[in-house]
Amino acid sequence: MSASEIATALPEIVLVLGAIALLMIGVFSAPRGYGLVTTLSVLLLAVVVVLVAVSHDGKAFNGSFTVDAFARFTKILVLIGSGAAILMSGDFLRSRGIEKFEYPVMILLATTGMLMMLSANDLIALYIGLELQSLALYVIASIHRDDLKSTEAGLKYFVLGALSSGMLLYGASLIYGFAGTVSFTGIAAAVQGHVGLGLVFGIVFLLAGLAFKISAVPFHMWTPDVYEGAPTPVTTLFAGAPKIAAMGLMVRVIITSFPSALAQWQQIVVFIAIASMALGSFAAIGQSNIKRLMAYSSIGHMGFALVGLAAGTSEGVQGVLIYLALYLAMTLGTFAVILSMKRKGAYVESISDLAGLSRTDTLTAYALAALMFSLAGIPPLSGFWAKWYVFVAAVHQGLWPLAILGVLCSVVGAFYYLRVIKLMFFDEPAEAFEPMPVTLRAVLVLATIVTVFFIVWPTLITGPAATAAALVAAAG
C-alpha cells in the first residue's frame, strides 16, 4: 500500500483502527466502558468528518476506491447520522439495561462499511462495503437479546438481508459476465451502444439488492417490523445513515456504469419510485405506532428521492443529494421527540401519547409540528424544497407524469403528518412526558433550525450538492 493510497483512504483507516482500539478500551474498562467508549466514538466520528472534508480527489487500490466531491458530501451526511444516533442512544439504553460498549463500536464498523460503499468504484468494492455495513447492522438490530421483538427484528433483517445480498451478487456476476470487467467506468465503456438482455437482467438484480437497503417497494417488507421491533435508538440509526449510504451507492453505480442503458434502468427506477411513494403514503394512514408510521414515511421519502435519480441527469442527482441531506435533518429531529416519549420510567410509542403535547411541552410540540409540516412537503419548509428539486429535475427530462404522481402522493401522505399535529394541538392532553435529555433537545433544536431556515441560506447545501452531482454525472 503506497503513501498516496493511505492518504486517499485515511478516513476509513482511522475509523476502523479507532473502532478496534475502542473495542479494547471497552473490554478493559468494564463495567463503566459504555460511557467512555460512547464519548470517544463521537469524538472519533468528529475527527473523521474533518478528515473527509479536507481529503483530496483521488483513486486507490487499482481504481476500486475513489474519493471525489460526491463521496465527500454523502460521507459527511453518513457520519453526522451515525454520530447523532450514538449521542441520542444513551438514556434509552441505560433505562433498558443494555448500555453495552459494543453498541457504539458496531455503529463505527457499520459506518466504515457505509464510507466504503460511497467510495466504491467497482462491483467488488461495492459488495465488501455493503456487507461490512450489513453484518454490523444485523447485530445492532438485535442488541436487546432479552426482548422478543428486538431478536425477531434482528432475525428478519438478517434473513431478508441475506436474500437481497444474494440477488445483488447474482446481478453483479451477470454484469461482469456480459461486460468483462467489474470497474464502473469499464462497464460503461464495454456496454457503450449495446445493451443486451443479459445485462438488463444483471441491472434488475443489482437494483433489487440495492432497493432492499433503501426500503424501496417491493423490497420494503422488513422495514415496518424492524423499525418497531428494534430498540428506538437503533431505529434512529436505520432511518438515517444506512439509507443515505445505499442511495448514494445506487446513484453512483447507475449513473457511472450504465449511462448508455438509461432507457432500461430508468423504467425500473420509475416503477420502484411510484410504488414506494404510493405505499408510503397510503399504508401509513392506519398506523397507531409512531415507529411504524416513520417506517412507512421513510419508504415514501425514498420513493421521492428516486424521482431525482429517474431523471438520470446532473440536476436529478443534485436533487437526490439535497433530498438526502434535508431528510436526514427531519428524521433525526423527529426521532429525538420519539426518544423523549417517556412516562414514569417507561417509553411509549403510540401516536395517541402525543395528545395535547402543546400544553405540556409547548416548545417540543411546535418543533415537532414544523418537522411534520416539512415531512409533508408544506412550503416554505425544507421538505417542500427537497421535493421541488427532484420533481423539477424529472419534469425537465419529460417525466412530468412521475412528478404529478409524486405531488398526489404527497397530498395523501400529508394526512398522517397533519393527524399528529392535530393530536398535539387540539386533543385533550395526556400525561406529560419526563423532561427531555439535553442531547435530544440539542438534536431537536438543530434539526428544526435546518428545517425552518433552509430557505434563508439554501446554498449551504445546494452548492456542494451541485458540485458533487456534476462530478458523478461527468464520470458517467
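Q: Which side chain has a polar contact with Lys-213, and at what distance?
A: In this predicted model, the side chain of Lys-213 makes a polar contact of 2.9 Å with that of Ser-134.

Q: Where does Lys-213 lie?
A: Lys-213 is in helix 10, which covers residues 197–213.

Q: Is Lys-213 buried or exposed, and what is the nearest side chain of opposite charge?
A: Lys-213 is buried and has no salt bridge. The nearest side chain of opposite charge is that of Glu-131, 5.1 Å away. A salt bridge needs the nitrogen and oxygen within 4 Å.

Q: What else does Lys-213 touch, beyond residues up to four places away in sequence?
A: Its contacts include Leu-130, Tyr-138, Trp-222 and Lys-243. Ser-134 is also among them.

Q: Switching to salt bridges: how many does the structure hold?
A: It holds 14. One of these joins Arg-252 and Asp-68, with the closest N and O atoms 3.0 Å apart.

Q: Which parts does that pair tie together?
A: Arg-252 lies in helix 13 and Asp-68 in the loop between strand 2 and helix 4, so the pair links parts that are 184 residues apart in sequence.

Q: Are Arg-252 and Asp-68 buried or exposed?
A: Both Arg-252 and Asp-68 are buried.

Q: What about Glu-228 and Lys-149?
A: Their side chains form a salt bridge, 3.4 Å from N to O. Glu-228 is in helix 11 and Lys-149 in helix 8, so this pair ties together parts 79 residues apart in sequence. Glu-228 counts as buried at 19% relative accessibility, while Lys-149 is partly exposed at 44%.

Q: Now the largest nonpolar core: how many residues, and which touch the most other members?
A: The core has 163 residues, and those touching the most other members are Phe-238, Phe-258, Trp-265, Leu-306, Leu-309 and Leu-354. Helix 16, residues 314–338, gives the most to this core, with 16 residues.

Q: What is Leu-354 in contact with, leaving aside neighbours within four places in sequence?
A: Leu-354 is in contact with Ile-290, Val-337, Met-341, Leu-368, Val-420, Leu-423, Met-424 and Phe-433.

How values were computed: Residues numbered from 1 in each chain as written. Predicted model: local features only at pLDDT ≥ 70, side-chain atom pairs only at ≥ 80, totals over all residues. Heavy atoms only, no water. Helix = DSSP H or I, 4+ residues; strand = E, 2+ residues; numbered from the N terminus. Buried < 20%, exposed > 50% of the residue type's maximum accessible area, 1.4 Å probe, protein only. Lys, Arg positive; Asp, Glu negative; His and termini not counted. Polar contact = N/O pair within 3.5 Å; in protein donor to acceptor, adjacent residues only side chain to side chain. Contact = heavy atoms within 4.5 Å. Core = buried A, V, L, I, M, F, W, Y, C linked by side-chain atoms within 4.5 Å.
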